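Here is my note on the model you sent. The points are numbered, and each can be checked against the coordinates.

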Amino acid sequence: MKRVKITVLRKEFYPDFADEYLTEGREAGPCGLLNVGDSFDFEGGARMPEGFCPWAWIDIYHSVTSVAAGGTYKPWNRKDGQTIVCCTDGIRPVVFRVETFGESDETIE
């Protein structure tokens, strides 16, 4: 498996949906667990990186393990060993870059 870094690129928030569907409405605000620029290293297996959102982990795990196993998202992505994914929270989604890293995208055992 290749080493993988997960980086928070963007946090979205749709206050109109929040007002309509959430008990707290727009007071809930965007994701309070993750921040733009946060990064996490994937060490292999099914183990979620420490401090990562469990719900987002369920959503992006397939993409993380695919990149770790050498999967490619070309021709859709410009760079091999990388993809952009998001959690499925329809009111306050978080967008992540998932990419291999290290010298020659070194593998972990």
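1. Start with Gly-44. This glycine is buried, at 15% relative accessible area. Gly-44 sits in the loop between β2 and α2. Its C-alpha lies 6.8 Å from that of Met-1, although 43 residues separate Gly-44 and Met-1 in sequence. Keep in mind that this is a predicted model.

2. Overall make-up. The protein chain holds 2 helices and 4 strands. Their order along the sequence is β-α-β-α-β-β. The C-alpha trace spans about 45 × 30 × 20 Å along its principal axes.

3. Burial and surface. The chain has 109 residues, and 36% of them are buried.

4. Contacts across the sequence. Take the contacts between residues at least 6 apart in sequence. Of these, 61% link residues at least 24 apart.

5. The sheet. What is the strand order? The 4 strands form an open sheet in the order β2-β1-β4-β3, with antiparallel pairing. At the edges are β2 and β3, the latter covering residues 82-86, and each pairs on one side only. From one strand to the next, the twist averages 25°.

6. Helix against sheet. Helix α2, residues 54-68, packs on the sheet and touches β1, β2, β3 and β4. The direction of α2 makes about 20° with that of β4.

7. Pairing of β1 with β2. Strand β1 covers residues 4-11 and strand β2 residues 39-42. The two run antiparallel and are joined by 4 bridges. Val-4 has Phe-42 in β2 as its bridge partner.

8. Pairing of β1 with β4. Strand β4 covers residues 94-100, runs antiparallel to β1, and is joined to β1 by 7 bridges. Here Val-8 is partnered by Phe-96 of β4.

9. Pairing of β3 with β4. These strands are also antiparallel, with 5 bridges between them. Cys-86 stands opposite Val-95 in β4.

10. Salt bridges. How many does a search of the whole structure find? The count is 6.

11. Glu-99 with Lys-79. The closest N and O atoms of this salt bridge are 3.9 Å apart. The cut-off is 4 Å, so check this pair by eye. Glu-99 belongs to strand β4, and Lys-79 to the loop between α2 and β3; the pair therefore ties together parts 20 residues apart in sequence. Is Glu-99 buried or exposed? Glu-99 is buried, because its relative accessible area is 13% and the limit for burial is under 20%. Lys-79, at 44%, counts as partly exposed.

12. Glu-99 with Arg-97. Glu-99 also forms a salt bridge with Arg-97, with the closest N and O atoms 3.0 Å apart. Arg-97 is partly exposed, at 25% relative accessible area. Shared partners join Lys-79, Arg-97 and Glu-99 into one salt-bridge network.

13. Arg-92 with Asp-89. In this salt bridge the closest N and O atoms are 3.1 Å apart. Arg-92 is partly exposed, at 24% relative accessibility. Asp-89 is also partly exposed, with a relative accessible area of 28%.

14. A nonpolar surface patch. Which residues form it? They are Tyr-14, Phe-17 and Tyr-21, and together they have about 330 Å² of accessible area. Tyr-21 belongs to helix α1, which covers residues 15-21. Why does Tyr-21 count as exposed? Its relative accessible area is 56%, and exposed means over 50%.

15. On the surface, Tyr-14, Phe-17 and Tyr-21 make up a nonpolar patch. Buried Gly-44 has its C-alpha 6.8 Å from that of Met-1.

How values were computed
Residues are numbered from 1 along each chain as its sequence is written. This is a predicted model: local features need pLDDT of at least 70, side-chain atom pairs count only at pLDDT 80 or more; totals for chains, interfaces and linings use all residues. Side-chain values use heavy atoms; hydrogens and water are left out. Patches are made of residues with over 30% relative accessible area and no salt bridge: like charges are joined within 9 Å, nonpolar side chains (Val, Leu, Ile, Met, Phe, Trp, Tyr) within 5 Å. Accessible areas come from the Shrake-Rupley method with a 1.4 Å probe; for residues, only the protein chains shown count as cover. A salt bridge is a side-chain nitrogen of Lys or Arg within 4 Å of a carboxyl oxygen of Asp or Glu. Buried means under 20% relative accessible area, exposed over 50%, partly exposed in between (1.4 Å probe, protein chains only). Two strands pair if DSSP finds at least two bridges between them. Axes are lines fitted to C-alpha atoms, for helices over the stretch in contact, and angles run from 0 to 180 degrees between N-to-C directions. Contact means heavy atoms within 4.5 Å.
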